[in-house]
Structures are given as structure tokens and as C-alpha cells.
Amino acid sequence: MKHTHAVRTMLKALAAMAPRRLWLGGMAMACLTVLMGMALLGLSGWFIAATAMAGLVPLTALVFDVFMPSAGIRLLALGRTGSRYAERLLTHDATLAVLAALRERLFRSWAPAGSAWQLRMRPARWLQRLTSDVDALDSLYLRLLVPLAAACGAALLAAVVLAGMRWWLGLLLGLWLLLAGVGLAVWLARKARRPATRRAVALEALRAQAVDLVAGQTDLLMAGRLSAQCERMAATEQRVAQADRQLNRLEARASMGYGAAGALTLAGVLLAVAALAEQGRIGAPGAALALLVALAAMEPFAALRRGAAEAGRTLLAIKRLAPQVQSADAASSLIAQRPAAGVALSLQSATTRPYGSQRVVLGPLSLVVRQGEHVAVVGRSGAGKSTLLLLLAGELLALQGSVAAEPVTWLTQRTELFQDSLRDNLLLAQPEASDAALWQALQDAGLAADVRAMPQGLDTLLGEGGLGLSGGQARRLALARLLLHPAGCWLLDEPTEGLDAATAADVLQRLRQQMQTQAQVRTVVVATHLRREAELADRVLWLEQGRPVLDAPRGSAEFARVLAQLREDADGVAQQGMTPDF
């Protein structure tokens with residue numbers, strides 16, 4: 001029952017992701033291709049036999065029409081080629097459109113708070129959802145639904161042809177084809193479900209273990225666990241190989257079954273048409289037509305073999321993806337609570353804790369940041385500065401109280417860049433941005449000259465994590481992405497941490513210029529333990545153990561005393577012993 005609900009949910013979602021004309025058009029073209037192939041074979045056999053029979057009697061040979069059948073054969077041959085081409089276009093277009101839309105919906109299912117933490121904790125699992133599980137769904141349409149439609153069309157055509165000779169013969173043939181063809185596919189799907197599922201699970205584990213081996217080989221070597229990890233991978237690979245062998249044996253048996261069913265079909269039709277020919281009810285050309293149509297009728301059912309063998313893997317993918325598709329619908333319907341007019345961020349007695357922690361590390365905290373206001377959040381390490389930004393960004397949910405925020409963009413401590421071009425890394429902030437806007441953002445971030453010096457400019461490819469850029473260049477690229485984002489509220493988490501003094505000063509100067517621009521009112525919340533970053537603010541909030549102990553505006557004595565206690569440079573770590581002196 002649970003499987004049925006998951007399949008129904010996934011089929012409904014998949015049907016909505018591509019136009020119906022693509023789904024039905026692809027199935028219709030596949031059916032038409034099979035029918036034309038069978039008609040071509042049958043008509044060719046009838047024509048050859050009829051021509052041979054006509055040649056035995058000179059008078060018949062003179063009046064025999066060879067042009068219409070030969071024209072029909074040419075038409076069927078050309079039509080079969082065209083329908084095959086159209087079928088490939090429509091089915092693959094529908095499949096690729098669905099898979100692309102499904103990946104987008106999966107990304108949307110990771111939009112709610114906490115998803116980033118889950119992705120970080122179990123990256124291999126979620127990568128499997130985006131790759132293998134999504135790709136496994138193409139079997140549902142390409143290898144099950146399309147071949148089934150074509151096979152049913154073939155059974156119908158064969159039944160109609162033989163029913164023209166004797167109605168009961170056509171009925172028996174149609175029932176036999178459906179029973180044998182679909183029955184073998186169902187048998188294979190049931191038998192292959194367990195090994196296909198075991199193979200999928202083992203392959204997922206093998207990929208995760210390989211990633212662990214590559215990423216942690218130094219740690220494994222130091223701990224003396226490298227050989228154990230290799231042995232573990234070898235055992236997992238053996239499970240994959242064993243499942244492959246079981247699937248291959250089952251598929252071979254199914255092939256033998258379809259071969260035997262085809263032979264029985266041909267033998268039965270041969271006996272039937274022989275009896276009819278002996279009674280003079282049909283001639284040799286009609287017998288040839290019936291035999292060749294029966295010969296081709298079982299072949300489309302054999303195309304179900306691969307889809308049936310992968311049905312277990314497809315069902316597993318459906319079970320794992322259906323909840324994600326449903327959560328994507330829920331996530332897309334979520335509307336962030338907006339603050340009152342003139343307010344950018346508002347917290348009312350809010351408390352929260354990081355995912356995986358049982359201890360509340362922030363709150364209760366009440367905070368109001370008006371539009372255009374610049375706030376520095378300071379305090380010792382572990383005071384809750386980054387947790388506050390997570391809460392404001394929507395990556396953490398409030399356990400108590402309420403949070404209201406306008407759209408924000410977040411510059412995290414770690415520069416997140418992707419193995420892609422510079423252009424595409426920037427377009428993440430504003431996909432519709434023109435090249436002129438990209439260059440302006442790079443200019444404002446102080447990176448335009450470096451990018452122009454690169455041979456490919458904006459099309460320069462970066463390695464994993466931004467490999468190919470220095471630390472300062474990577475931070476400036478992240479800053480350019482921040483400037484490009486249309487959100488009017490910035491969350492900055494130690495924006496110059498790890499940069500040398502000259503680069504940090506330049507980055508801060510450019511941030512200050514953009515914060516003070518008249519083109520757009522910028523609201524800024526910066527979490528820091530450095531004086532040079534706190535000096536950007538016109539208000540400082542001091543946190544101790546997740547609670548505010550001071551909220552001082554620029555120009556007050558408390559504001560000056562807080563700045564005096566902060567570090568002046570970025571070397572080393574935050575001062576664990578600093579305490580508010582006020």
C-alpha cells in the first residue's frame with residue numbers, strides 16, 4: 001500500500017513536469033514504429049509469395065499489379081524511419097525535460113531551514129538522489145511505458161490480421177501475446193526486485209566509501225585504517241558484482257522465455273494457417289502474411305525485459321524521491337514572515353540551537369534592525385554571533401519567539417565557489433544579470449583587473465572550491481557576488497577573516513562604499529571580533545552566552561569602549577578572555 005502511494009505520487013508529479021503531448025506523442029510514435037515494421041514485414045512476405053504464385057500462370061502474371069504493393073512497401077519503409085526518428089525526439093525530449101524539472105524540485109525541497117546542515121552531514125546520500133535515483137526514473141517511461149504501449153499495439157495488429165482470416169484465431173493470438181509477453185515481464189520484475197535493490201544500495205555505499213577514501217586517505221593512513229577501508233570497499237564491490245550476476249542470470253532466463261514464447265507463437269500460427277490453407281480458406285500469400293506478422297509480434301514484448309529487470313531499482317528511487325517531491329511542494333508554498341514597514345530584521349524573544357545540538361545557544365533575544373541600519377555583532381568565540389546570522393538567514397528555525405526578515409544575502413566565513421566559470425559563479429546571485437552588470441560588480445569588488453588579465457576573462461574555469469584563485473581573489477569574487485545580489489540586507493560573517501592587512505583594508509573600503517551608496521539603501525549585520533570590521537557599523541550589539549548584554553549606538557561612550565577591546569588585525573584567533581568593560 002505504501003509503495004502504491006509513492007508510485008501514484010511520483011507518477012502524478014512526473015506527469016505534471018512535461019507537456020502531455022510529449023508523453024503521449026512519444027508513446028504513439030513508438031507504437032506506430034512497431035506497427036509499420038510489422039506491416040512492412042507482412043506486406044513484403046505477402047508480395048513475394050503473391051508474385052511467385054502469379055508467375056506460375058502466364059495470364060495471372062500479365063494482370064498482376066506489382067506497383068501498389070511495392071509502393072506500399074516503400075511507404076512503410078520510409079514511414080517507419082520517420083516515425084522512429086520522431087519517437088526518439090519526443091521520448092527523449094519528454095524524459096530529459098522531466099528529469100531536469102525533477103532535479104529543480106529536489107533542490108527546492110532543500111530550501112527549508114536545516115537543509116544545508118543535512119547536506120553537509122550526508123552529502124553522499126543527497127548526491128545519490130540527484131544522480132542515480134533521478135536517472136533511474138527514466139526506465140519508468142523509456143523502458144516500461146513506451147515499450148508496453150508498442151507491445152500492446154503489436155498484439156492488437158497481429159490479432160486483427162489473423163481475425164481477418166478467422167476471428168477466433170485472432171482472439172487467441174492476441175490473448176496469448178498479452179499473457180506471455182506481459183507475464184514474463186512481471187515475473188522478471190518480481191524476481192529481479194531484491195537483487196536490483198541490493199545492487200543500488202551497495203553501489204551507493206561503494207561511492208560513499210570511495211569518497212571517504214579519497215578525501216580522508218591521510219587521516220586513514222595516520223590512524224592505520226587505510227587497508228581496512230580498502231578491504232571494506234572490496235567487500236562492497238563484491239556485493240555489487242554478486243547482484244549483477246543474479247540480474248544477468250534472470251535477464252538471460254527472461255530472454256530464453258521470450259524466445260520460447262516466440263517459437264510457440266510461430267508454431268501455433270503455422271499449424272493454424274496450414275489447416276486453413278489445406279481447407280482452401282486462405283492462399284499461400286495470406287499464410288505468409290500471417291506467419292511473418294506472428295513472427296514479429298513477440299519482439300516488442302522482449303523490449304520490456306530491461307525495464308522489468310530495473311523495476312526494483314526504479315521502485316526504490318520512487319520510494320526515496322516521493323517524500324522529497326512532496327516536501328518541495330511544501331517548501332515552495334512557504335512565505336517568509338515579513339517585518340513591519342521601515343524594519344529590515346526583527347526578533348522577538350527568539351531562541352534557537354544548531355542542528356545536532358541539544359543545548360540552546362542563542363536567546364531569548366529581541367532585536368530590531370531598521371532599514372539602512374548597520375549593526376556589528378561582537379563577543380567572544382562561541383557567544384552566538386554566527387548562530388544569530390543563521391537564524392536571520394533562515395537556516396535555523398526559532399524554537400521560541402518569532403523572526404521576521406526581508407530578503408537577505410549572506411557572506412559566510414567560508415568562501416563558497418564552484419567548479420564552473422567565473423561568469424556562472426557570479427550568475428548564482430542574479431541569473432539575469434548582463435555582462436556589463438557582472439563587470440561592474442567585479443570592478444566594485446576590486447577584481448575586474450585580475451579577471452581581464454585572464455585569457456578567458458569571465459569564461460575562465462575554476463577548479464573545485466574556486467581552485468585557480470588566490471585567497472584574496474576568491475574573497476573578492478564572493479564580495480562581487482554579494483554586490484550583485486538584489487537583496488537590500490547583507491549578513492556578513494567575519495568578511496575579512498584570513499586576509500592580509502592590505503587586502504582586508506581594501507575589501508572593507510569597498511564594502512563601506514557600497515553600504516553608503518545612494519542607489520540602494522543597504523541594511524548590514526556583520527558578525528566580527530575585529531575592530532576594523534566593527535567600525536563599519538553605526539551600532540554595536542555585544543553577545544554573551546547567546547544573550548545581548550550591550551546595545552550601543554555610534555558616538556556613545558559604550559560604543560567607543562567596545563571598539564577599543566576588539567582586535568586590530570586578523571592574525572591569530574579571537575581573544576577568548578575579552579569581557580565587556582562598561
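Here is a short walk through this structure, from its confidence to a few of its side chains.

What you're looking at is a predicted model, where local features need pLDDT of at least 70, side-chain atom pairs count only at pLDDT 80 or more, and totals for chains, interfaces and linings use all residues. Residues are numbered from 1 along each chain as its sequence is written, and side-chain values use heavy atoms, leaving out hydrogens and water.

Start with confidence: pLDDT, the predictor's confidence in each residue, runs from 0 to 100. The chain's mean is 84, with 89% of its residues at 70 or more. Over residues 570–577, though, pLDDT stays under 50.

Now for the rings. The structure holds 1 aromatic pair, and it's made by W23 and Y141, edge-to-face, at 4.5 Å centre to centre with 80 degrees between the planes. (Rings of Phe, Tyr and Trp, the last by its six-membered ring, pair if their centres lie within 6.5 Å; planes under 30 degrees apart are stacked, over 60 edge-to-face, the rest tilted.) This pair links distant parts of the chain, since W23 sits in helix α2 (residues 20–54) and Y141 in helix α7 (residues 138–163), 118 residues apart. Helices here are DSSP runs of H or I, at least four residues, numbered from the N terminus.

W23 counts as buried because its relative accessibility is 15%, and Y141 does too, at 3%. Buried means under 20% relative accessible area, with a 1.4 Å probe and protein chains only.

Helix α15 (residues 385–393) has buried residues as well, including K385, L388 and L392. Just after α15, G394 takes a positive phi of about 90 degrees.

Technical notes:
Contact means heavy atoms within 4.5 Å. Helices (H or I, at least four residues) and strands (E, at least two) are DSSP runs, numbered from the N terminus. Buried means under 20% relative accessible area, exposed over 50%, partly exposed in between (1.4 Å probe, protein chains only).
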